[in-house]
Amino acid sequence: MIAVNGPAVVADDVSIEYRGTASSRPIRAVDGVSLEVRQGEIIALLGQSGSGKSTFAAAVAGQLGNGQDGEASSRRRIVGGELTVLGQRVRHLRAHSRRRTRLLGTIGYLAQDAADRLSPDLTVGEAIAEPIYARDRRFDRKEAGLMVARLVDAVHLPLGIMRAPTWELSSGQRQRVALARSLVLEPELLVADEPARGVDVLVRQSVLEALVKLQRTIGFSAVVVSSDVREARALADRVAILNEGRLVGIGTFDEVFDAPLDPYVKILAATSARATKRAAPTARRSSAPRAGVAPAESPSAGAAPTEGVQ
């Protein structure tokens with residue numbers, strides 16, 4: 001665990017580019033973004049396709065330049081400003097340094113295509129437990145099984161599914177498995193890119209409720225990318241809105257949408273119905289590494305999604 005006294009994330013005038021090829025110029029995906037994510041809060045990143053929200057989230061998760069997302073990932077880099085995550089400045093961290101490895105061990109990352117990346121050769125239980133054994137090959141298997149079972153239950157999947165191969169699951173089930181996998185190490189910070197992506201509308205609300213309950217139980221901070229304002233309201237304490245790579249609104253949902261100044265935010269405010277807001281976050285529990293996760297009680301996370309930002 002990394003001891004952090006200040007905010008979980010501090011972005012100070014951060015700019016991110018996709019490096020150009022021999023015949024093209026670099027593309028500025030994020031342009032001078034400054035924001036903070038407080039300890040124990042969830043902040044939602046909203047914006048239309050191409051706004052830079054997923055790129056910024058990947059930077060927070062330490063995923064720029066790792067090559068895991070293909071050639072495009074290896075071309076992304078922070079070219080301006082400073083990004084501090086859990087007390088660690090990440091802009092100049094070397095790819096295989098101990099500091100980067102230690103930092104990534106405290107961050108849970110749910111990529112937009114995480115469900116599609118699940119290995120078809122693994123069972124559900126093995127897929128969720130894989131990060132545990134990647135960190136410690138000698139970890140007690142009984143304890144790991146209990147941790148996985150509690151997360152499977154928390155994301156509203158039957159325990160019997162743990163022995164099923166991942167390729168047999170529906171897209172919504174695979175997304176919930178991917179969410180459980182991103183949380184199995186009980187991270188200090190979760191970065192989730194469209195956590196309800198591919199989940200059927202009938203069970204989407206329960207998945208969002210599960211995420212809120214897990215956040216309250218573990219106490220992690222979170223950056224959640226969303227394309228739906230109602231879902232974002234149900235999940236997050238505050239919202240940051242990106243448009244063409246620039247931050248055009250930040251604050252509580254009421255602060256941002258009740259008196260919008262930016263033209264794009266005005267459009268969102270006019271087209272988005274208000275949903276139930278989540279309750280105030282609780283402070284992260286201070287403890288040694290825990291054996292597992294038990295869901296906590298919480299109010300409803302909101303109604304089924306309506307048309308939002310695409």
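The points below describe a predicted model, going from its overall make-up to single residues.

1. Overall make-up. The protein has 310 residues, and buried residues account for 53% of them. Its secondary structure consists of eleven helices and ten strands. Among contacts between residues at least 6 apart in sequence, 69% join residues at least 24 apart.

2. The largest nonpolar core. In soluble globular proteins, nonpolar side chains tend to be buried together. Here the largest nonpolar core holds 59 residues, of which Ile-128, Val-239, Ile-241 and Phe-257 touch the most other members. The element that gives the most to this core is H6, with seven residues.

3. Helix H5 and Ile-128. Helix H5 covers residues 124-135, and its buried residues are Val-124, Gly-125, Ala-127, Ile-128, Ala-129, Pro-131, Ile-132 and Tyr-133. Helix H6 (141-154) and H7 are among the elements that cover these buried residues. Leaving aside residues up to four places away in sequence, Ile-128 touches Val-148, Val-152, Val-177, Ala-180, Arg-181 and Val-184.

4. Packing of H7 and H8. Two packed helices are described by the angle between their axes and the distance between the axes. For helix H7 (residues 171-183) and helix H8 (residues 201-218), the angle is about 5° and the axes are 12 Å apart. The two helices are therefore roughly parallel, as angles under 35 degrees count as such. On the H7 side the contact is made by Arg-176, Leu-179 and Leu-183, and on the H8 side by Val-203, Val-207, Leu-211 and Leu-214. Six of these residues are nonpolar, one is charged and none is polar. An α-helix has 3.6 residues a turn, so residues three or four places apart point the same way.

5. Helix H1. Helix H1 (residues 53-60) is mostly covered, with seven of its eight residues buried. The buried residues are Lys-53, Thr-55, Phe-56, Ala-57, Ala-58, Ala-59 and Val-60. Just after H1 comes Gly-62, with a positive phi of about 75°.

6. A network of salt bridges. The structure holds eight salt bridges. Glu-17, Arg-28, Asp-31 and Arg-246 are linked in a network of them. Within it, the side chains of Arg-28 and Glu-17 meet at 3.0 Å, N to O. Arg-28 is in strand S2 (residues 27-37) and Glu-17 is in strand S1 (residues 9-18), so this pair ties together parts eleven residues apart in sequence. Arg-28 is partly exposed, at 40% relative accessibility, whereas Glu-17 is buried, at 14%. Asp-31 and Arg-246 also form a salt bridge, at 3.2 Å, N to O. This pair links distant parts of the chain, with Asp-31 in strand S2 and Arg-246 in strand S10 (residues 246-251), 215 residues apart. Asp-31 is partly exposed, with a relative accessible area of 25%.

7. A salt bridge between helices. Arg-204 and Glu-231 form a salt bridge whose closest N and O atoms are 3.0 Å apart. Arg-204 lies in helix H8 and Glu-231 in helix H9 (residues 229-235), so the bridge ties together parts 27 residues apart in sequence. Glu-231 is buried, at 6% relative accessibility.

8. Most residues other than glycine have a negative phi. His-156 sits in the loop between H6 and H7 and is partly exposed, at 38% relative accessibility. Another is Glu-194, which is not a glycine but has a positive phi of about 55°. Glu-194 belongs to the loop between strand S7 (189-193) and H8. Glu-194 counts as buried, at 14% relative accessibility.

Notes:
Residues are numbered from 1 along each chain as its sequence is written. This is a predicted model: local features need pLDDT of at least 70, side-chain atom pairs count only at pLDDT 80 or more; totals for chains, interfaces and linings use all residues. Side-chain values use heavy atoms; hydrogens and water are left out. Axes are lines fitted to C-alpha atoms, for helices over the stretch in contact, and angles run from 0 to 180 degrees between N-to-C directions. Helices (H or I, at least four residues) and strands (E, at least two) are DSSP runs, numbered from the N terminus. Angles under 35 degrees count as roughly parallel, over 145 as roughly antiparallel, 65 to 115 as roughly perpendicular and the rest as oblique. Contact means heavy atoms within 4.5 Å. Ala, Val, Leu, Ile, Met, Phe, Trp, Tyr, Cys and Pro count as nonpolar, Asp, Glu, Lys and Arg as charged, and the others, Gly among them, as polar. Buried means under 20% relative accessible area, exposed over 50%, partly exposed in between (1.4 Å probe, protein chains only). A salt bridge is a side-chain nitrogen of Lys or Arg within 4 Å of a carboxyl oxygen of Asp or Glu. A nonpolar core is a set of buried Ala, Val, Leu, Ile, Met, Phe, Trp, Tyr and Cys residues joined through side-chain atoms within 4.5 Å.
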